[in-house]
Every structure is written in structure tokens, then in C-alpha cells.
Amino acid sequence: MIRHVRLVCCLIFFGLAGVAQAKPFRVLAFYSMHVEQDHVDFAMQAIPFFQEMAKRDHFDFQATSNWDDMNPTALKKYQVVMWLDEFPSTPAQRKAFEEYMEHGAGWMGFHIAGWTENRAVWPWFSDFLGTVFVGNSWPPLPATLTVNDTTHPAVKGLPARFVSPDNEWYSWQPTLRSNPNIKVLMTLASSNFPLGFKDTLGGGDVPVTWTNTKYKMLYTNMGHGSKILNSATQNLFFEKALLWLGGQS
Ligand code: ZN
């Protein structure tokens, strides 16, 4: 009987310890239906993809197309925000996001989330991202990606190279390598170049996934069209990245 009670006590103790370790987190994904159709297509696939992941990995996932939900009252219920196919457009939305990130929350941005016409549009965001969009490839094509640091929790366990499905690939200036706060996690492999037909990326150092270590953030350039989620390896990266941002890795 005493042994039985001890066993129950142990189960309760370790059970609670297990719950304490896997602290659940809440994600709010912003998307828009009134943007480029290829970007909407990605968002419409990403939402159920992350809903399934949330069930599997025990976090909460909500999505909204109301970008005015980017306000301090709404954001404080969530530990991670995603931008699936758009970005904030009003001063109030931008200010709320800045304060949210300055206070240690997480952000995962896909593809167009990193796009700005130029640095002057939103200087804080350009510093947060570490660079500004300068060019793109066209049409969407698969590309071989080099994983630059397989020890980072967002990419740990991934192969050193994998083929990422059809995407429109962006290039950036200034180079992220010169920024001491930026950790580049994936780059377009040199074997891809020239990449594109109508619009071509000719070569050089083109990062596709990185984090600004001053923040809990990760930007990834994937997110154009309906084939993005066709790679099990890439999907594993999306999962690892989100769990890292949510404090689960
Ligand atoms: Zn695109």
C-alpha cells in the first residue's frame, strides 16, 4: 500500500514537472485575402498546416485577417505573431508591433513579410529585419538551400542541403553578413545560379532564412504559391522554427 502511494506521488510529481516544462504558448497569425493571389494561396495552406501542428505540439494557434488586431490589448494574449502574406500598414499597427517585439515576444515572417519599397518606409522594421528587399527571381522555381548552421534550434537536425519547392526568391541589400546582430540560417546554394528566367538572381550571397539576435524573430523567404508545404524537410524546419520562437526547444 505504501509502495502504491509512493508510486502515485511520483507519477503526480513527474507529471506536473512534465507539464511545467512544456509550457504552452499562443500564436496569432495575420494574413490578408486582398494581396497577390500566390501569397493568399500560401496563407490558405499555411493556416490548416499550423492548426494541425498546434494539435500535435500542444500550442494554441489563431489566425486573423484583421490587421487592427495588431494592438497592445490583443497582442498581449499571444507569445508569437506570424505574418503569412502581408505586413502592417498603419502607424498604430506598426507601433504596436515594435513595442511587442521590444518586450521580447516572438515573430515569424514569411516571404512578402520582409518586403519594403525602401528603408524610409519603416526604418525600425528595416533595422529589425537587418536589410531591405532589392530584387527577385521569376517565375517561381525550386532551389537548393544550404543550411548554414545546423546547431541552431530552428534548423537543428536538418540536412546540410535540401531542395525547397517552387518559390519566388528575393535578394537583399545591404548584405546581412556585415551585421553582427544577424545570424543567417539558410542561403541559396551557388548551384542555383542563375536562378529565374524573366527576373534572374545572378549569384552571390543570398540568405533566405535568418534571425536578428537582438529579438526573438525569424524571417524566411519561402511563402509564394501553393507548393511551399510540399517538402517534408522544409515543413520540419517550419515546425522547429515555431517551437523555438514559442520557447519549446
Ligand atoms: Zn511572392
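Student: Which residue in E10 stands opposite Val184?

Tutor: Val184 stands opposite Trp210 in E10. Helices (H or I, at least four residues) and strands (E, at least two) are DSSP runs, numbered from the N terminus. The model is predicted, and local features need pLDDT of at least 70, while side-chain atom pairs count only at pLDDT 80 or more and totals for chains, interfaces and linings use all residues. Residues are numbered from 1 along each chain as its sequence is written, and side-chain values use heavy atoms, with hydrogens and water left out.

Student: How many bridges join E9 to strand E10, and in which sense do they run, parallel or antiparallel?

Tutor: Strand E9 and strand E10 (residues 207–212) are joined by 5 bridges and run antiparallel. Two strands pair if DSSP finds at least two bridges between them. Strand E6 (residues 141–147) is also joined to E9, through 3 bridges and again antiparallel, with Val147 opposite Met186 in E9.

Student: How many of the residues of strand E9 are buried?

Tutor: In strand E9 (residues 182–188), 6 of the 7 residues are buried, so the strand is mostly covered. Buried means under 20% relative accessible area, exposed means over 50%, and partly exposed is in between, using a 1.4 Å probe and protein chains only.

Student: What order do the strands of the open sheet have?

Tutor: The open sheet has 9 strands in the order E2-E1-E3-E4-E11-E10-E9-E6-E7, and its pairing is mixed. Strand E2 (60–64) and strand E7 (161–167) stand at the edges with a single partner strand each, so one side of each has no neighbour in the sheet. From one strand to the next the twist averages 20°. Axes here are lines fitted to C-alpha atoms, for helices over the stretch in contact, and angles run from 0 to 180 degrees between N-to-C directions.

Student: What holds strands like these together in general?

Tutor: Strands of a sheet pair through backbone hydrogen bonds, in a parallel or an antiparallel way. As an example from this model, E6 and E7 pair in the antiparallel sense over 5 bridges, and the bridge partner of Leu141 in E7 is Asn167.

Student: Moving on to helices, which strands does helix H4 lie across?

Tutor: Helix H4 (residues 91–102) lies across strand E3 (80–83), strand E4 (106–110) and strand E11 (216–220), and runs at about 125° to E4. Helix H6 (residues 232–245) packs on the sheet too, and the strands that H6 touches include strand E1 (26–30), E9 and E10, while the direction of H6 makes about 160° with that of E11. Contact means heavy atoms within 4.5 Å.

Student: Which residues in H4 are buried?

Tutor: Gln93, Arg94, Ala96, Phe97, Tyr100 and Met101 are buried in H4. These residues cover an arc of only 160° around the axis, which puts them on the same side of H4; the arc is that of the directions from the helix axis to the C-beta atoms. Helix H3 (72–75) and helix H5 (123–129) are among the elements that cover the buried residues of H4, whereas the face turned away from the buried side carries the exposed residues Pro91 and Ala92.

Student: And what comes just after H4?

Tutor: Just after H4 comes Gly104, which takes a positive phi of about 90°. His58 has a positive phi as well, near 60°, although His58 is a residue other than glycine. The loop between helix H2 (37–57) and E2 holds His58, which counts as exposed at 62% relative accessibility.

Student: Is His111 buried or exposed?

Tutor: His111 is buried, with a relative accessible area of 0%. This residue sits in the loop between E4 and H5 and has a positive phi of about 45° without being a glycine.

Student: New topic: which residues does a cis peptide bond with omega of about 0° join?

Tutor: That cis bond joins Trp138 and Pro139, and Pro139 is found in the loop between strand E5 (132–136) and E6. The peptide bond from Phe193 to Pro194 is cis with omega near -5°, and Pro194 lies in the loop between E9 and E10.

Student: Last one, what is the mean pLDDT of the protein?

Tutor: The mean pLDDT is 93, and 91% of the residues reach 70 or more. The term pLDDT is the predictor's confidence in each residue, from 0 to 100. Where pLDDT is low, the predicted coordinates should not be read in detail.
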